[in-house]
Amino acid sequence: FSRPEGMVLLKGLLAAGITLGVAAVFPEHLAFPFFAGVLGLIVGVYPGIAMASPDVESSFSHWVVAVALLGLGLLGLWYSALLLSAAFIIHGLWSLLKGFTALGDGVPEGYPAFSLSFDLVVAAFVAYVWATSAQI
């Protein structure tokens with residue numbers, strides 16, 4: 001990684017650390033709903049991107065990804081937090097994919113690296129909490 005990309009990765013890690021720190025304030029039974037809310041905030045920007053995009057295919061894909069990730073995250077609250085963890089991983093990969101395709105037009109240069117580092121840390125933490133708790 002170049003120096004700017006490395007700094008963006010570190011910023012993603014810092015943002016994830018802050019998010020985990022905020023989650024630590026909540027009682028354990030509220031951790032997964034908190035992370036589902038974080039996911040909702042993250043994917044909530046995609047409908048806005050879709051409405052601002054003149055490209056119909058790009059708009060459609062943003063809506064589909066937003067609904068699918070939010071649905072997967074919410075299913076994680078009812079069935080298994082591993083689904084919530086998977087939603088963060090898929091979001092990180094989606095952000096990375098956008099950086100290499102026309103879907104990424106207008107995306108800030110460092111966003112894919114920031115998003116991937118943030119999402120992977122949060123996904124790993126959600127999976128860890130799931131594995132070490134009685135919650136399923």
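This is a predicted model: local features need pLDDT of at least 70, side-chain atom pairs count only at pLDDT 80 or more; totals for chains, interfaces and linings use all residues.
Buried residues are those with under 20% relative accessible area. Ala31, Phe32, Phe34, Phe35, Ala36, Val38, Leu39, Ile42 and Val43 of H2 are buried. The helix runs over residues 31-43.

The largest nonpolar core was examined next. This core holds 25 residues. Phe35, Leu84, Phe88, Phe118, Val122 and Val126 have the most contacts inside it. Five helices each supply at least two residues of the core: H1 (3-23), H2 (31-43), H4 (56-78), H5 (81-99) and H6 (111-132). The greatest share comes from H2, which gives eight residues. In soluble globular proteins, nonpolar side chains tend to be buried together.

Apart from neighbours within four places in sequence, the contacts of Asp119 are with Ile42, Phe88, His91 and Gly92.

The packing of H2 against H4 was then considered. Two packed helices are described by the angle between their axes and the distance between the axes. For H2 and H4, the angle is about 175° and the axes are 10 Å apart. Angles over 145 degrees count as roughly antiparallel, and H2 and H4 are therefore roughly antiparallel to each other. On the H2 side, the contact is made by Phe32, Pro33, Ala36, Leu39, Gly40 and Val43. On the H4 side, Ala66, Leu69, Leu70, Gly73 and Leu77 take part. By class, nine of the residues in this contact are nonpolar, two are polar and none is charged.

Gly73 counts as buried because its relative accessibility is 1%. Leaving out residues up to four places away in sequence, Gly73 touches Leu39, Leu84 and Ala87. Gly73 and Ala86 are 13 residues apart in sequence, with a C-alpha to C-alpha distance of 8.0 Å.

Notes
Residues are numbered from 1 along each chain as its sequence is written. Side-chain values use heavy atoms; hydrogens and water are left out. A nonpolar core is a set of buried Ala, Val, Leu, Ile, Met, Phe, Trp, Tyr and Cys residues joined through side-chain atoms within 4.5 Å. Buried means under 20% relative accessible area, exposed over 50%, partly exposed in between (1.4 Å probe, protein chains only). Helices (H or I, at least four residues) and strands (E, at least two) are DSSP runs, numbered from the N terminus. Contact means heavy atoms within 4.5 Å. Axes are lines fitted to C-alpha atoms, for helices over the stretch in contact, and angles run from 0 to 180 degrees between N-to-C directions. Angles under 35 degrees count as roughly parallel, over 145 as roughly antiparallel, 65 to 115 as roughly perpendicular and the rest as oblique. Ala, Val, Leu, Ile, Met, Phe, Trp, Tyr, Cys and Pro count as nonpolar, Asp, Glu, Lys and Arg as charged, and the others, Gly among them, as polar.
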